Amino acid sequence: MSSKKSDEFFNINTPEIQKEKKELEEIERKEKEKNENQDIYSIIRDNKKA
């Protein structure tokens with residue numbers, strides 16, 4: 001079986017799964033953004049100490 005066929009087999013795209021996937025992607029995006037902001041604040045704080 002080619003990888004394309006197996007990808008299609010496992011790619012069951014029901015509306016519920018699509019909705020859940022979008023929600024998870026949104027949560028991941030917000031987490032990543034929060035972490036990036038914390039990194040920026042850490043840099044600013046460290047620069048103020050120096």
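Lys-34 is partly exposed, with 43% relative accessible area (between the buried class, under 20%, and the exposed class, over 50%, using a 1.4 Å probe and protein chains only). Welcome to a predicted model, where local features need pLDDT of at least 70, side-chain atom pairs count only at pLDDT 80 or more, and totals for chains, interfaces and linings use all residues. Residues are numbered from 1 along each chain as its sequence is written, and side-chain values use heavy atoms, leaving out hydrogens and water.

**Salt bridges**

- The whole structure holds four salt bridges (a side-chain nitrogen of Lys or Arg within 4 Å of a carboxyl oxygen of Asp or Glu).
- Lys-34 pairs with Glu-31 at 4.0 Å, N to O, and Glu-31 is partly exposed at 40% relative accessibility.
- Because Glu-31 and Lys-34 are three residues apart in helix 2, about one helical turn separates them.

**A linked network**

- Salt bridges link Glu-26, Arg-29 and Glu-33 in a network.
- Glu-26 meets Arg-29 at 2.6 Å, N to O, while Arg-29 meets Glu-33 at 3.2 Å, N to O.
- Arg-29 and Glu-33 are four residues apart in helix 2, so about one helical turn lies between them.
- Glu-26 counts as partly exposed at 32% relative accessibility, as does Arg-29 at 40%.

**Nonpolar patch**

- Ile-40, Tyr-41 and Ile-44 make a nonpolar surface patch of about 310 Å².
- Ile-44 sits in helix 2, residues 15–49, and is partly exposed because its relative accessibility is 39%.

Terms used:
Patches are made of residues with over 30% relative accessible area and no salt bridge: like charges are joined within 9 Å, nonpolar side chains (Val, Leu, Ile, Met, Phe, Trp, Tyr) within 5 Å. Accessible areas come from the Shrake-Rupley method with a 1.4 Å probe; for residues, only the protein chains shown count as cover. Helices (H or I, at least four residues) and strands (E, at least two) are DSSP runs, numbered from the N terminus.
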